[in-house]
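User: Hi! I have a structure open and would like to learn how to read it. Could you walk me through a few features?

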Amino acid sequence: MYERIVKEAKEDRDNDYAIFIDEINRGNIANIFGELITLIEDDKRIDTPNYIPARLPYSNEDFGVPPNLYIIGTMNTADRSVEALDTALRRRFSFIEMNPEPTKLSSPEFKCAGIDLEALLKAINARIEKLLDKDYCIGHSYFMTIKNHDEPLEEIKLIFQNKILPLLQEYFYGDWGKILLVIGKEFVETKEETIKFMSTESYEDFEEYDDKKIYNFTTPLNWTLDSFKTIYE
């Protein structure tokens, strides 16, 4: 693939070409780039003073990267595998931070009736940033998939149920108190039931668990637009 797109870019210098590698931090960088890791540096490309080609093992042809070919890798900074990116890679790439843009959700293309999605996302992210770090903020793209802007409730329910709530569980590792701080009691409830423990004579400290609270998310069937509005109002 690299050889084909490099050839096209070399023959069409008036246009820019790009290779996109999604979640680049999850891959083995040495296997992804190989000898390209040096060739992609700005001053090692074709027509630059320090141009360095690589000799292809089968054809014995020189292989170089033209300056109009860009390699763009994406990554989630909340992902722990970001730590695997060594300094050699960081030196060869420019790192550009892409923060959530809640204001996009207020544009005519994405604005929904009955709820302020911009305010909703801003409120959630402000609390996440306070409790964790800005790297964990939720992206606006989750809400850009809504198709029925006049009646968005069912789609918002699915987004929360399948995307937002699982993310919060991962972020806070079962710390329901912090999840409550982010989204409130409309979405988290205490499980009310008496548990009878077995063989209590074998474990004398069992009584300390009698008062332990068990939490779970409320059922999406009961969520309304007003439920979501409580997050930011």
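Analyst: Happy to! Let's start with a polar contact: the side chains of Glu118 and Ser106 are joined by one of 2.4 Å. The term stands for a pair of N or O atoms within 3.5 Å; within protein, one must be able to donate a hydrogen and the other to accept it, and residues adjacent in sequence count only if both atoms are side-chain atoms. This is a predicted model, where local features need pLDDT of at least 70 and side-chain atom pairs count only at pLDDT 80 or more, while totals for chains, interfaces and linings use all residues. Residues are numbered from 1 along each chain as its sequence is written, and side-chain values use heavy atoms, leaving out hydrogens and water.

User: Is Glu118 buried or exposed?

Analyst: Glu118 is buried, because its relative accessible area is 16% (buried means under 20%, exposed over 50%, partly exposed in between, with a 1.4 Å probe and protein chains only).

User: Where does Asn68 lie?

Analyst: Asn68 lies in the loop between β3 (62-63) and β4 (69-73), and with 5% relative accessibility it also counts as buried. Its side chain reaches the backbone oxygen of Asp12 at 3.1 Å, and a polar atom of the Asn68 side chain lies 3.0 Å from the backbone oxygen of Ala9.

User: How do I read two packed helices?

Analyst: Two packed helices are described by the angle between their axes and the distance between the axes. Axes are lines fitted to C-alpha atoms, for helices over the stretch in contact, and angles run from 0 to 180 degrees between N-to-C directions. Here, helix α5 (residues 117-131) and α6 pack at about 10°, with axes 12 Å apart. That makes α5 roughly parallel to α6 (under 35 degrees; over 145 is roughly antiparallel, 65 to 115 roughly perpendicular and the rest oblique).

User: Which residues of α5 and α6 meet?

Analyst: Leu117, Leu120, Ile124, Ile128 and Leu131 of α5 meet Ile156, Phe160, Leu168, Tyr171 and Phe172 of α6.

User: What about α6 and α7?

Analyst: The axes of α6 (residues 153-172) and α7 (residues 176-183) come within 9 Å and cross at roughly 135°. That makes α6 oblique to α7.

How values were computed:
Helix = DSSP H or I, 4+ residues; strand = E, 2+ residues; numbered from the N terminus. Contact = heavy atoms within 4.5 Å.
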